[in-house]
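Student: Could you take me through this structure, giving the general idea of each feature before the case at hand?

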Amino acid sequence: IAMYDAVIAEEPCEATEHIVRTCVENRKNFVMSLCGTPHTLMDGTELEDVDTWYRYLQQIDKEHCMLERPKLIPGFVSWVLMGKY
């Protein structure tokens, strides 16, 4: 990841937390469209609700990560997580 300027991911599912943590550690900008279902955390914890999943991801680095719900496409309801460094 160190050799890239930024990371873009489309619903990376089980890789989501890995990507966020790696980008945070390397201070790399990222943007990803999040999957609409919760996933198992890296520590094996299973989350039951997607809102908890989204908040958990944002809390990895709440100072630099933000959740947005873009209104670019009518009917588009997928949340996007962005990290800006």
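Tutor: Helices (H or I, at least four residues) and strands (E, at least two) are DSSP runs, numbered from the N terminus. By that scheme, Met3 lies in the segment before strand 1 (6-10), while His18 belongs to helix 1 (residues 16-26). This is a predicted model, in which local features need pLDDT of at least 70 and side-chain atom pairs count only at pLDDT 80 or more, whereas totals for chains, interfaces and linings use all residues. Residues are numbered from 1 along each chain as its sequence is written, and side-chain values use heavy atoms, with hydrogens and water left out.

Student: Is Met3 buried or exposed?

Tutor: Buried means under 20% relative accessible area, exposed over 50%, and partly exposed in between (1.4 Å probe, protein chains only). Met3 is exposed, with a relative accessible area of 71%, and His18 is partly exposed at 41%.

Student: How many disulfides does a search of the whole structure find?

Tutor: A disulfide is a covalent bond between the sulfur atoms of two cysteines; the criterion used here is a pair of cysteine sulfur atoms within 2.5 Å. The search of the whole structure finds zero disulfides. Cys35 is in none, the nearest cysteine sulfur, that of Cys13, being 3.9 Å away.
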